[in-house]
Amino acid sequence: MGLPTETVYGLAADVFQSLAIARIFEAKGRPLTDPLIVHLPEVGWLDRVVRFTSLEQRNLVGSLASAFWPGPLTLILPKHPEVPDLVTAGSETIAVRVTSHPLFQKVLRRLDSPLAAPSANRFGRISPVTAQDVQSELGEVIPLILDGGRCTHGLESTILSVTGDAMEILRPGPITEDDLNQCGHVVRLGGRGGVVNTPGSLPGHYAPKKELVILESDIKEVLPKPNTALLAFREPLPEIASRFAKVIVLSPSGDLREAASNFYAALREFDKSEVDMMVAKPLPEEGIGVAIMDRLRRASYGSKHGTGHQS
Ligand code: TXA
Ligand code: MG
């Protein structure tokens with residue numbers, strides 16, 4: 001079932017029904033080595049899917065939960081033995097978050113079981129932020145999509161590994177490194193601008209079908225090929241805009257949160273348009289800009305090289 005969350009739409013199934021979980025992988029064409037995120041309506045359900053290994057870990061999760069849940073933060077924690085291995089791709093850890101979306105919460109409470117849900121797109125492709133996006137990605141292979149309107153954040157949750165009292169960001173997202181520093185010292189794998197390697201996190205992902213290139217030189221010096229689009233953070237100067245066949249602006253007011261929420265829609269608009277390729281101006285790598293640049297680099301890599309998986 002396609003369901004809205006506050007980040008992107010998910011393709012959800014009961015975590016304890018292995019057959020339904022297998023159908024998620026099948027519908028997305030996702031490799032079985034890529035574990036899923038489990039969604040809960042409230043922190044009180046954590047013990048259904050997690051088995052804490054220390055009091056320190058439980059306390060740290062308690063403070064993260066009161067600061068950021070419900071919301072776009074996924075925690076990697078030790079898995080409860082009853083959770084099927086398929087969900088976690090054989091790992092002893094599980095990815096879990098409490099979603100704030102009222103519709104998703106309602107479904108969880110009605111079913112009285114946690115739901116595993118990856119983003120509701122074909123593997124390696126652009127994440128969906130509206131029910132129509134889910135319909136165009138997976139409409140032919142899934143029985144039901146609930147329409148909860150457009151997702152607020154528009155980028156996937158921040159993934160944070162919590163071992164003992166240590167925290168490590170595995171995927172940047174709407175909850176930023178600065179936000180997390182309130183709860184203790186945070187390490188970001190790969191460093192600023194680096195590519196992170198969690199299971200299933202590939203250099204090529206979120207990929208449009210046509211080529212997307214990140215500008216390395218000053219935009220004033222760029223002479224684009226004919227029929228090329230520009231992906232810009234703010235409104236470009238008219239003399240720059242006029243060199244491109246199409247301009248997509250992520251945030252006219254220069255707001256990174258707004259840019260994040262428009263990012264995947266911009267990639268879809270590019271794919272649907274008549275242009276042959278798109279060049280993107282890098283965004284400031286601060287706050288949620290770190291997550292946007294992470295997705296932009298993967299989208300660009302994926303547009304040139306694919307995901308690297310046969311599926
Ligand atoms: O915002 C989101 O997180 C969305 C919505 C639907 O909740 N979900 C999402 O799921 O982005 P997905 O499947 O597209 O990305 C999940 C990623 C995996 O690719 C993997 O990198 C990481 O979560 N993951 C899951 N379980 C993990 C584990 N045990 N250890 C490390 N990483 C894990
Ligand atoms: Mg995804």
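**A quick tour of a predicted chain**

Buried residues make up 56% of the 311 residues in this chain. Keep in mind that what you're looking at is a predicted model. The chain has 9 helices and 14 strands, and its radius of gyration is 19 Å, close to the 19 Å that the globule rule gives for 311 residues, so the chain is as compact as a globular protein of that length. Let's start with the whole chain and then visit some residues one by one.

**The whole chain**

- Along its principal axes, the C-alpha trace spans about 60 × 45 × 35 Å.
- Take the contacts with a separation of 6 or more: 69% of them are between residues 24 or more positions apart.
- The chain exposes about 13500 Å². Carbon and sulfur atoms supply 51% of that area.
- On the charge side, there are 32 positive and 36 negative side chains. The centres of these two sets lie 3 Å apart.

- Is S66 buried or exposed? S66 has a relative accessible area of 63%, and the cut-off for exposed is over 50%, so S66 counts as exposed.
- The side chain of S66 reaches the backbone oxygen of S63, at 3.4 Å.
- From S66 to V43 you count 23 residues in sequence, and the C-alpha atoms of the two are 8.9 Å apart in space.
- A241 sits in helix α7, residues 238–241. With a relative accessible area of 22%, A241 is partly exposed.
- Which residues does A241 touch, leaving aside its neighbours within four places in sequence? They are P236 and V247.
- A241 and T7 are 234 residues apart in sequence, and 31 Å separates them in space, C-alpha to C-alpha.

- W69 and P70 are joined by a cis peptide bond, with omega at about -5 degrees. You'll find P70 in the loop between α2 and β5, the strand at 73–78.
- A89 isn't a glycine, yet its phi is positive, at about 55 degrees. A89 is in the loop that runs between α3 (85–88) and β6 (93–98).
- A relative accessible area of 30% makes A89 partly exposed.
- D112 is another residue other than glycine with a positive phi, near 55 degrees. Look for D112 in the loop between α4 (102–111) and β7 (115–116).
- D112 is partly exposed too, with a relative accessible area of 47%.

- V129 belongs to the loop between β7 and α5, the helix at 131–138.
- Why does V129 count as buried? The relative accessible area of V129 is 1%, and buried means under 20%.
- Leaving aside neighbours within four places in sequence, V129 is in contact with T7, V8, Y9, G149, R150, C151, G154 and Y264.
- V129 and G148 are 19 residues apart in sequence, and their C-alpha atoms are 10.0 Å apart in space.
- F16 is in the loop between β3 (13–14) and α1 (18–28). F16 is partly exposed, with a relative accessible area of 33%.
- What does F16 contact, once its neighbours within four places in sequence are left aside? The list is R48, V49, E82, V83, P84, S113 and P114.
- F16 and L146 are 130 residues apart in sequence and 21 Å apart in space, C-alpha to C-alpha.

Note on methods
Residues numbered from 1 in each chain as written. Chains lettered and ligands numbered in written order. Predicted model: local features only at pLDDT ≥ 70, side-chain atom pairs only at ≥ 80, totals over all residues. Heavy atoms only, no water. Helix = DSSP H or I, 4+ residues; strand = E, 2+ residues; numbered from the N terminus. Rg over C-alpha atoms; globule rule 2.2 N^0.38 Å. Buried < 20%, exposed > 50% of the residue type's maximum accessible area, 1.4 Å probe, protein only. Contact = heavy atoms within 4.5 Å. Areas by Shrake-Rupley, 256 points an atom, 1.4 Å probe, with all protein chains shown as cover. Lys, Arg positive; Asp, Glu negative; His and termini not counted. Charge placed at Lys NZ, Arg CZ, Asp CG, Glu CD. Polar contact = N/O pair within 3.5 Å; in protein donor to acceptor, adjacent residues only side chain to side chain.
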